[in-house]
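This report walks through selected packing features of a two-chain model. Please have the sequence and coordinates open while reading.

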Amino acid sequence: MKLIVAPAPHAHSGDSVRKNMLNVIIALMPAFIVAMIAFGWGAVITTAVSVCSCVLFEWLICKFLMKERSHVGDLSAVLTGLLLAFNLPCNLPLWIVVLGALVAIGVGKMSFGGLGQNPFNPALVGRVFLLISFPVQMTTWPRPLGFSGSYLDAETAATPLYTLKNAIKAGDSSILDELPTLWDSFSGMIGGSLGEVSAIALLIGFVYLLCTKTITWHIPVSIILTVSLFAVVFAAIAGLPVCTFLGTTLCAGGLMLGAIYMATDYVTSPMTHCGQIVYGIGIGLIVMIIRCWGAYPEGMSFAILIMNAVTPLLNMYIHPKRFGEKKK
Amino acid sequence: MNTFRIGGVHPHDNKEFSAHKQIAAVPLPQKAIIPLVQHIGAPAKAVVAKGDKVLVGQVIAEAGGFVSAPVHSPVSGTVAKVDATTDAWGLPMPAIFIDVEGDEWLPEIDRTADIKTECTLEPKKIINKIQAAGIVGLGGACFPTHVKLLPPPGKVAEVLIVNGVECEPYLTCDHQLMLERGEQIMLGIDLVLKALGIKRAIIGIEKNKPDAIAHMAELAKKHPGVEVKPLALKYPQGGEKQLIDACIGRQVPSGCLPIEVGAVVDNVATLYAIYEAVMKNKPLISRVMTVTGKSVKNPGNYEVRFGTPLAQVIELAGGIPEDTGKIIGGGPMMGRAMQNVDMPCNKRVSGLLFMKKDESVRVEPENCIRCGKCVDACPMGLEPYMLAKLSAAQNWDKMEQLNVMDCIDCGCCLFTCPSHRPLLDYIRYGKGKVGGNIRARQMAAQAAKAAAEAKK
């Protein structure tokens with residue numbers, strides 16, 4: 001009888017890359033359902049095109065450029081496609097979506113050697129590329145009218161963050177009256193990128209991710225706490241109504257989507273919990289600096305990409321607490 | 001519920017196959033092969049030669065130093081030869097071959113089932129008896145027990161921690177031993193407390209053995225100072241450092257022994273052996289081992305005399321299942337996969353696990369996705385992904401800086417890795433290299449010191 005000999009351990013948890021990616025995809029489904037309710041066919045078509053082109057580009061690059069076995073089965077390209085779509089307005093011309101997918105997968109991921117090697121979040125690389133190249137199309141937000149509205153010539157609306165920015169610039173809190181109610185912001189009936197509008201749906205996904213131990217609380221909670229603290233202090237000093245300002249800051253724009261799903265990307269976030277908290281605080285501060293004083297009303301993508309660049313440093317200098325280590 | 005504070009994983013415990021199976025005695029072999037290296041430390045030296053008649057319990061090899069243990073004959077008969085044999089991994093080891101004739105014991109050994117509770121021996125005598133009986137840690141490391149009972153000068157033992165955790169999946173021999181021979185284990189604890197001159201013992205048992213917790217807690221009522229601590233389920237809680245942390249909340253510093261924080265740790269099987277040696281004059285010649293696996297016909301707990309071919313134990317358990325891919329000596333987390341089953345049973349083998357073919361092959365590794373799960377899982381607070389990367393790059397100095405020598409080989413990193421990366425393989429390799437570098441440095445320093453003194 002031939003026996004297999006290998007070093008210990010001989011057991012495995014059964015965890016896999018695919019399972020983790022699938023969990024994040026499942027966690028994003030409530031947000032996708034709200035996106036469909038809010039934006040109708042636009043949400044479905046944009047998402048489908050983005051996911052399909054990401055998978056296709058990854059497969060083509062693996063097959064013809066890198067000439068190796070394709071890893072499409074690990075679902076990471078599907079997730080990148082999903083996240084990219086969630087960061088786009090639902091009426092974006094489809095060729096722009098395809099271009100975004102090409103940059104995300106081609107430049108953001110495969111040029112570094114594929115899964116695990118990329119320093120920056122691929123979906124955000126794609127999104128920021130589009131934001132800079134097509135600023136008009138990328139910041140024209142359709143009103144949430146569900147399946148009733150026409151998909152391409154949708155009515156457009158200012159996002160809550162844009163209103164907030166105007167109020168800050170003018171120093172006039174009466175502008176804030178134009179904001180949607182906090183409940184609308186929380187549930188997702190506001191203008192914005194298709195997957196980011198519903199804070200509640202994103203939070204449901206967060207609970208799922210925590211329960212399945214796909215991610216830990218450290219990054220999202222440190223981002224949200226930092227942003228909240230910053231928002232309260234800023235609103236108080238600027239003389240804006242604290243509750244409205246805080247609520248809109250947290251619920252509108254890409255904050256929840258970024259904090260829960262993009263900043264927590266395994267590959268581009270720090271390895272230790274302590275490092276993750278520093279990383280989260282960094283993202284929280286940068287996003288608020290951009291939102292309060294920068295040119296853009298939204299800064300989540302930039303904040304995450306900047307902290308992605310800091311991640312290797314955090315990994316190098318922040319180590320976990322060792323067993324039996326004495327405090328100095 | 002108490003547990004250790006850093007890392008750990010939750011493998012499926014798979015103990016249902018052999019749990020609560022009565023300990024069964026394995027019949028004597030016709031030829032026994034008794035290895036001389038059954039412990040950590042210097043090999044034992046044979047004191048018998050070809051043609052000698054031996055009785056059960058007679059010393060056939062004496063300890064090769066302080067950190068060593070004598071070997072006693074587990075059978076009676078004639079010594080056929082003193083020669084080398086190969087272990088289950090193909091490595092040569094010295095051994096004594098005995099042709100078994102009958103089952104005659106040394107007269108001073110008490111073979112009755114009576115439980116002896118009175119011990120009038122002084123502490124020193126108790127330790128001498130333990131040393132003479134060849135007792136080593138039966139939890140798996142096989143470190144000679146008497147060494148632990150003689151703390152180095154300046155160190156004081158405060159508490160005895162009894163390892164009834166059995167955190168390795170599948171294994172149930174310690175569990176069954178606690179159920180069937182709990183009173184003897186308690187008396188063993190009393191003996192060790194007396195030997196160490198201390199008053200407090202804590203028995204750590206994981207909560208997946210509620211009957212053992214209840215039974216031992218009931219027995220502990222009659223033994224002042226002995227307390228049972230139920231522990232939450234988490235691997236590697238049976239690791240010495242983790243168990244001390246779980247039981248008394250103290251962490252043994254890097255590179256130190258448990259005595260540094262006032263703890264002495266002994267496994268329940270070791271304590272049972274101590275009782276037998278001190279109260280019944282019976283040296284360590286047998287142990288209880290678990291034979292188990294998902295397709296094993298009669299999985300169970302077997303009491304085996306050392307030197308019995310494993311094949312004979314396997315026969316009793318229903319033979320090697322057809323779908324076997326791997327046979328593991330020990331549990332699935334830290335046990336070793338064996339090349340063959342020709343090896344005799346010895347002090348080290350706590351179990352035999354038959355794994356099915358489909359569970360035996362490792363999954364092809366993928367790229368590291370930097371999820372950090374290995375960092376979370378490491379019970380020593382190390383960064384396995386980084387150590388593995390450094391090992392692949394042969395950066396031994398950086399590995400040493402990142403405390404690779406703290407690694408306890410528990411396998412949590414590889415167990416938890418979603419990309420199935422062979423983290424521990426890399427780390428083990430690096431640990432070997434770093435250990436070699438450290439020893440070379442120490443020897444060079446000693447040589448330099450000696451040279452400087454010679455000059456004077």
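The model is predicted.

**Chain A: a helix pair**

Helix α2 (residues 41-66) of chain A packs on helix α3 (residues 76-86) of chain A at an angle of about 145 degrees, and their axes are 8 Å apart. The crossing of α2(A) and α3(A) is right-handed. On the α2(A) side the contact is made by Thr46(A), Thr47(A), Ser50(A), Val51(A), Ser53(A), Cys54(A), Val55(A) and Glu58(A). The α3(A) side contributes Ala77(A), Val78(A), Thr80(A), Gly81(A), Leu82(A), Leu84(A) and Ala85(A). By class, the residues of this contact are eight nonpolar, six polar and one charged.

**Chain A: helix α11**

Helix α11 (residues 242-251) of chain A has seven of its ten residues buried, so it is largely enclosed by the rest of the structure. Those buried residues are Thr244(A), Phe245(A), Leu246(A), Gly247(A), Thr248(A), Thr249(A) and Cys251(A).

| Helix packed against by buried residues of α11(A) | Residues |
|---|---|
| α7(A) | 160-170 |
| α8(A) | 182-187 |
| α9(A) | 199-211 |
| α10(A) | 218-238 |

Just after α11(A), Gly253(A) has a positive phi of about 75 degrees.

**Between the chains**

The contact between the chains involves 33 residues of chain A and 50 residues of chain B. On the chain A side, 16 residues are nonpolar, eleven are polar and six are charged.

**Chain B: a four-stranded sheet**

In chain B, four strands form an open sheet in the order β2-β8-β7-β4, with antiparallel pairing. The edges are taken by β2 (31-35) and β4 (53-54) of chain B; each has a single partner strand, so one side of each lacks a neighbour in the sheet. Five bridges join β2(B) to strand β8 (residues 92-100) of chain B in the antiparallel sense, and Ile34(B) has Ile96(B) as its bridge partner in β8(B).

Leaving out residues up to four places away in sequence, Ile189(B) touches Leu160(B), Val162(B), Ala201(B), His223(B), Val226(B) and Leu271(B).

Pro236(B) sits in the loop between β11 (226-231) and α5 (240-248) of chain B. Is this proline buried or exposed? Pro236(B) has 26 C-beta neighbours inside 10 Å and therefore counts as buried, the cut-off being 20 or more. Its contacts beyond four places in sequence are Gly8(B), Cys167(B), Gln242(B), Pro379(B), Cys410(B) and Cys412(B). The C-alpha atoms of Pro236(B) and His10(B) are separated by 9.0 Å, although the two residues are 226 residues apart along the chain.

How values were computed:
Residues are numbered from 1 along each chain as its sequence is written. Chains are lettered from A and ligands numbered from 1 in the order in which they are written. This is a predicted model: local features need pLDDT of at least 70, side-chain atom pairs count only at pLDDT 80 or more; totals for chains, interfaces and linings use all residues. Axes are lines fitted to C-alpha atoms, for helices over the stretch in contact, and angles run from 0 to 180 degrees between N-to-C directions. Helices (H or I, at least four residues) and strands (E, at least two) are DSSP runs, numbered from the N terminus. A crossing is left-handed if the near helix is turned anticlockwise from the far one by less than a right angle, and right-handed if clockwise. Two residues are in contact if their C-beta atoms, placed from the backbone, lie within 7 Å. Ala, Val, Leu, Ile, Met, Phe, Trp, Tyr, Cys and Pro count as nonpolar, Asp, Glu, Lys and Arg as charged, and the others, Gly among them, as polar. Two strands pair if DSSP finds at least two bridges between them. A residue is buried if 20 or more other C-beta atoms lie within 10 Å of its own, exposed if 12 or fewer, and partly exposed in between; C-beta atoms are placed from the backbone.
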